[in-house]
Amino acid sequence: MAPFHFDTVVVGVGNTILSDDGVGVHAARALMQDPRLRPGVPILDGGTLGLELLGYISDARRILFLDAVDSGAAPGTLVRMTGRDLLDGRSRASVHQLGVADLIAAIALVSGKDPEIVVLGVQPATVDWGTSLSPAVHASVARLVEAALDQLRAWQPAAPLLRRRPRAAKRRPHRTTHHRCC
Amino acid sequence: MPRVVVDPVTRIEGHLRIEAQVDGGAVTDAWSSGTMFRGIELIVRGRDPREAWIWAQRICGVCTMVHALASVNAVEDALNIEIPDNARLVRNIIAAAQTIQDHVVHFYHLHALDWVDIVSSLKADPAKTSQLAESISDWPLSSTKYFKGVQDRVNGLVASRQLSLFGAGYWGHPAYHLPPEANLLAVAHYLEALRFQREFIRIHAVLGGKNPHLQTFLVGGMTTSLDPNEPAAPLNPERIDFITGVARTAAAFVHQVYIPDVLAVAGFYPDWFGRGEGLGNFMCYGAFPQGSIRDPHNFFLPRGIILDRDLSKVHPVDPGNVTEYVTHSWYDYSDGDQVGKNPYEGQTKPRYTGPQPPYQFLDVDQKYSWLKAPRYQDKPMEVGPLARLLVAYASGHAEVKALVDSTLARFKAPPTALFSTLGRIAARALETQLLADHIVGWIQELAKNMATGKLAIHNGQKWDPGTWPDHARGFGFFEAPRGSLGHWVEIENQAIKNYQAVVPSTWNAGPRDARGQRGAYEAALIKTPVADPERPLEILRTVHSFDPCLACAVHVVDARGKVQGRARG
């Protein structure tokens, strides 16, 4: 049975058939394969969100979202936001397209908890149909993964989530066109 | 990294835009425009058809499994594959769970706030709310203290201005009719429904391996192998017990919370049994096969069409009669705009000719939507829970008939009252009850098969592409929570040559066709009263009653063509 109670959870968010919109999912997949991450750290392919994710994250103490974020910056630009930033912002799209802010509000409503939330995002170049990332965003995936590892390290200085040293073993190249989806 | 707050945050996907003409306090005409799903064939063309479902399930972020299932159905139809009984059962259980989940979420989290005024709930007397709750249901969470606690929590949210999920409401609008106590009751159940859906969807975690984006589908069956003696098997007696418990808990919630709430809310809005009717044509592909999917006669919810509100006759459905028009859609067909094309011959050549944003209006005499206009024998159809229930009712489905008739009797309403905005809401609730009453039985069938050594869950006879014909095509259908979903696949030389999906929201939210016939939303909005064009709550009520899978932006236009109100919801 899938575990539902985590201390820390990483959620990649986005649609992998809308090119750069899927950058968060691509980064989450790369993170899953990163040798520095210990097995057992829950990393979710959250797809395009929805309340269904609530069961996986509502009991977590810390949640790290990886996502495409339209901040008007140059494609590939990384941004970092906290859950508080999102709730304080004007952000309010619609309940039909649950945003990260809605999910955070739902966690508070359903569990009364106030988890620590960080969103690491990349500015997309295109969100048109397609399964590949644009060059600028493709190049940002490695940086997004590094930023995610930095965040996990900051949360857990004793590093139970991370191995102490990167293994010398060669890292698998990150694929952007998946013939099998996992 | 710069630290920024941005709006909108992420999810850059499409939305639905309604332009409504309002004269004399009511809608006189409406146009529905949406961006959606125009490129799945670009994604899957040339791929292995056995993998199409993995891509197709990304079409929709809200209900991913529906496209996965329609896709494997289409490929199995093309290759003439029968799936084992256990695979049928697992698919039916997954589908029923998805429908129950979506309907509860729709009522409480996507639609209730069109009827429930959160701010008014702050004025409620918790003791009277408790009395109200106990008068309509024996649900245990009904004490004065409980409702006081809910009220305090909402008060805290309002005080901290972090309403977020509640932020889009038109609080205080004159079209809200619930007394404060009923509003507080509904808000309490809004919160309980958040917990409900969090627990209930564990059925998908068990049967789908993971969620969202279930991983256990397979052309020819499922990967959820059954093993009565293996603790690590995807399905064993322990897991069957677990999902049975989850399903039983859910059924209690549906009976004791969801249904009483829908009935109570409907009682305060009787006018809405007479508003929002729309087309009067309803289509259902049929759902929950009890045997081979090739024999619609065994479906738990029957296949059929109802025309012109006539419940005395159910017409057959032949997917060959489905066509799509692009007369008012931003696409080109090679043989012109006036023809309808069956999805097997479907073409997707986008050509945007609309105004460049920012703009005030769409040119609705020309092309005005990214949705095509699907038609059945050239007639527009409404699809969804109401269509399914009406087809079942008119087909003489005893259980559906009893459910519908007893509900109508409570309101002293005739069956024609179902052709309405409230009718859609009631049909969705009754369908949820029907499925909640049956899902445990389907789980028990699975358990029985396992206990008697009937363990097959995948038919691998045609797994090897070498066994396939050079050319094949298939139609896969599924009644998604929002309505009839069809996938059409053409396979040539072991790869996908063409692929088209006609989704429920295209049927309902699509634009006019070559003959100028309105789509379902467009028709349903005619005569909708609009008390305050700046805050078109009534329009949202009817659009939301269809459960659109897109965020909806409403633009209200007065007789002189001036934009009066804009709403998002």
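**Salt bridges**

I began with a search of the whole structure, and it turned up 37 salt bridges over all chains. A reminder to myself: this is a predicted model. I also noted the general idea that side chains of opposite charge can pair when their charged atoms come close.

I looked up B:Lys454 and found its side chain in a salt bridge with that of B:Asp85, at 3.6 Å from N to O.

Next I turned to B:Asp102, whose side chain meets that of B:Arg482 in a salt bridge of 3.7 Å, N to O. Here again distant parts of the chain are linked: B:Asp102 belongs to helix H4 of chain B, while B:Arg482 is in the loop between E13 and strand E14 (483-492) of chain B, 380 residues apart. Are these two buried or exposed? I found both B:Asp102 and B:Arg482 buried.

B:Asp405 counts as partly exposed because its relative accessibility is 33%. B:Lys401 is partly exposed as well, at 32% relative accessible area.

In chain A I noted a network of salt bridges that links A:Asp7, A:Arg61, A:Arg62 and A:Glu116.

**The second largest pocket**

How much space lies in the second largest pocket? I wrote down about 340 Å³. It is lined by 28 residues, and the closest to its centre are B:Asn73, B:Arg91, B:Asn92, B:Pro289 and B:Ile293. Elements that give two or more residues to this lining include helix H3 (64-79), strand E6 (287-289) and strand E13 (471-480) of chain B. The largest share, six residues, comes from H4(B). I sorted the lining by type and got 13 nonpolar, six polar and nine charged residues.

**Two backbone angles**

I then looked at phi. B:Arg309 has a positive phi of about 60° although it is not a glycine. I located B:Arg309 in the loop between strand E8 (304-306) and strand E9 (322-325) of chain B, and it is partly exposed, with a relative accessible area of 37%.

B:Lys412 is another residue other than glycine with a positive phi, near 50°. B:Lys412 sits in the loop between H12 and H13 of chain B. Its relative accessibility is 79%, so I listed B:Lys412 as exposed.

**Confidence in chain A**

Last, I checked pLDDT. Chain A averages 75, and 74% of the residues score at least 70. Which element of chain A has the lowest mean pLDDT, and which the highest? I found the lowest, 72, in helix H3 (residues 83-88) of chain A, and the highest, 94, in helix H5 (residues 135-155) of chain A. Over residues 90-97 of chain A the pLDDT is below 50, and this stretch has 32 contacts in the model beyond near neighbours in sequence. Residues 166-182 of chain A also stay under 50, with 31 contacts beyond four places in sequence.

Methods. Residues are numbered from 1 along each chain as its sequence is written. Chains are lettered from A and ligands numbered from 1 in the order in which they are written. This is a predicted model: local features need pLDDT of at least 70, side-chain atom pairs count only at pLDDT 80 or more; totals for chains, interfaces and linings use all residues. Side-chain values use heavy atoms; hydrogens and water are left out. On a 1 Å grid over the protein atoms alone, a cavity is a set of points where a 1.4 Å probe fits but cannot get out, and a pocket is an open set with protein on both sides within 12 Å along at least five of seven lines; lining residues have an atom within 4 Å of a point. Grid points are joined across faces, edges and corners, and a volume is the space filled by probe spheres set on the points. Helices (H or I, at least four residues) and strands (E, at least two) are DSSP runs, numbered from the N terminus. Ala, Val, Leu, Ile, Met, Phe, Trp, Tyr, Cys and Pro count as nonpolar, Asp, Glu, Lys and Arg as charged, and the others, Gly among them, as polar. pLDDT is the predictor's confidence in each residue, from 0 to 100. Contact means heavy atoms within 4.5 Å. A salt bridge is a side-chain nitrogen of Lys or Arg within 4 Å of a carboxyl oxygen of Asp or Glu. Buried means under 20% relative accessible area, exposed over 50%, partly exposed in between (1.4 Å probe, protein chains only).
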